[in-house]
Amino acid sequence: MSKGHILITGGAGFIGANLANRFLEEGRDVLLLDNLSRSGVIKNIEWLRAAHGDSVRLLLGDLRDMNAVKQAVDGAEFVFHLAAQVAVTTSIEDPMTDFEINARGTLNLLEAIRAMDEQPALIFTSTNKTYGELRDIKLAETGPRYEPEDPGLKDYGISELRPLDFHSPYGCSKGCSDQYVLDYSRTFGLKAAVFRMSCIYGPHQFGTEDQGWVAHFLIRAIEESPITIYGSGLQVRDILFIDDLVNAFLLAMRNMDAVSGEAFNIGGGPANSISLLELVEFINVLKGKGPDCSFEGGRMGDQKYYVSDTRKFRSCTGWFPRVMHTSGVEMLYKWLLGERRPAMAVSPERSKLVKENAP
């Protein structure tokens with residue numbers, strides 16, 4: 001296959017922009033497909049254009065528009081499918097739109113790829129929510145966090161052998177997409193792999209209460225605004241710094257024959273696990289004053305404990321996280337301090353970008 005462009009759906013988002021930056025630094029041809037609907041993403045486009053100028057190609061489009069998807073896929077060598085409706089809360093408010101974006105949008109992309117004479121390989125970003133609430137895992141309260149009673153889970157985390165148990169409309173739409181990608185690899189021979197991701201964080205993330213909680217906590221602390229914690233605050237996640245995720249993407253791309261047709265749990269692993277309360281305390285150390293916290297009842301589909309067992313992906317590619325969570329959170333904190341602007345604001349340049357990049 002001749003070298004075509006690398007397509008990143010959701011390329012203006014936090015993960016997509018960081019991935020695009022890495023490829024652009026290597027001189028690769030990258031096309032970003034994005035509808036620019038998420039607050040803050042215009043800043044990511046501005047950052048990429050300041051660094052790479054006219055090399056940043058943006059196609060303003062939506063996964064639900066088959067013509068835009070076909071246009072984006074045409075001539076692609078590789079596809080990173082990151083675009084999605086990303087919040088459980090939003091999916092509960094509007095399940096139909098959640099389905100249309102996540103499930104139907106993914107099917108549009110798969111069909112566009114399948115119709116090509118030279119089919120690009122695909123990596124799809126799924127979610128740990130495909131495993132459901134994990135209510136059967138017995139947990140103990142250990143200081144400011146939950147810990148599993150099972151020593152294997154405590155040492156290694158949750159593996160891909162865990163049965164799927166979609167919960168919430170978001171879990172269903174992403175889980176549906178997850179299974180479609182794997183089956184298109186099996187049934188139609190597409191080279192495709194799935195990343196079931198835990199919590200990703202890092203620079204150029206504009207986190208909200210509904211998604212991107214590490215950045216959200218830091219933003220609220222910088223703004224000296226209170227944080228609402230849903231549940232006890234003992235909930236644990238393994239967090240993964242964005243540079244480590246980008247490295248995982250590149251290794252998967254280079255080892256596509258080994259990873260195709262497989263799903264992988266991708267996160268920071270046990271060494272990078274942290275509870276909500278532990279993050280609040282760490283912010284207190286960074287800032288000298290932690291944010292004020294209030295507590296409300298837990299939210300639907302929230303897992304009390306999720307830590308990724310990443311051994312399967314490591315065995316295929318040699319990958320492992322290099323940035324420890326303490327260093328990574330500090331780097332994100334310093335980046336957010338440098339912004340010194342309301343992180344949720346939408347840039348006035350949006351209308352200009354829309355006109356410039358309309359199909």
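Q: Before we start, what counts as a helix or a strand here?
A: Both are DSSP runs, numbered from the N terminus: helices need at least four residues (H or I) and strands at least two (E). Also keep in mind that this is a predicted model.

Q: OK. Where does Ser-198 lie?
A: Ser-198 is in the loop between strand S8 (192-197) and strand S9 (199-201).

Q: Is Ser-198 buried or exposed?
A: Buried, because its relative accessibility is 9% and the cut-off for buried is under 20%.

Q: And what does Ser-198 touch?
A: Skipping residues up to four places away in sequence, Ser-198 touches Asn-128, Asp-238, Ile-266, Gly-267, Tyr-306 and Ser-308.

Q: Let's talk cores. How many residues does the largest nonpolar core have?
A: It has 70 residues, and Phe-80, Phe-195 and Leu-245 have the most contacts inside it.

Q: Which helix gives the most to that core?
A: Helix H9 (residues 242-254), with eight residues.

Q: You mentioned Leu-245. What is it in contact with?
A: Leaving out neighbours within four places in sequence, Leu-245 contacts Ile-15, Phe-195, Met-197, Ile-200, Leu-240 and Ile-266. Ile-266 also turned up among the residues that Ser-198 touches.

Q: Switching to Tyr-180: where is it found?
A: Tyr-180 is in helix H7 (residues 168-188). With a relative accessible area of 34%, Tyr-180 is partly exposed.

Q: Which residues does Tyr-180 touch?
A: Leu-107 and Leu-110, not counting residues up to four places away in sequence.

Q: Last topic, helix packing. How do H11 and H13 cross?
A: The axes of helix H11 (residues 276-287) and helix H13 (residues 325-339) come within 11 Å and cross at roughly 60°. That makes the two helices oblique to each other, and the crossing is right-handed.

Q: Which residues make the contact?
A: H11 brings Leu-279, Phe-282, Leu-286 and Lys-287, while H13 brings Thr-326, Val-329, Glu-330 and Tyr-333.

Q: And by class?
A: The contact of H11 with H13 has five nonpolar, one polar and two charged residues.

Key. Residues are numbered from 1 along each chain as its sequence is written. This is a predicted model: local features need pLDDT of at least 70, side-chain atom pairs count only at pLDDT 80 or more; totals for chains, interfaces and linings use all residues. Side-chain values use heavy atoms; hydrogens and water are left out. Buried means under 20% relative accessible area, exposed over 50%, partly exposed in between (1.4 Å probe, protein chains only). Contact means heavy atoms within 4.5 Å. Axes are lines fitted to C-alpha atoms, for helices over the stretch in contact, and angles run from 0 to 180 degrees between N-to-C directions. Angles under 35 degrees count as roughly parallel, over 145 as roughly antiparallel, 65 to 115 as roughly perpendicular and the rest as oblique. A crossing is left-handed if the near helix is turned anticlockwise from the far one by less than a right angle, and right-handed if clockwise. Ala, Val, Leu, Ile, Met, Phe, Trp, Tyr, Cys and Pro count as nonpolar, Asp, Glu, Lys and Arg as charged, and the others, Gly among them, as polar. A nonpolar core is a set of buried Ala, Val, Leu, Ile, Met, Phe, Trp, Tyr and Cys residues joined through side-chain atoms within 4.5 Å.
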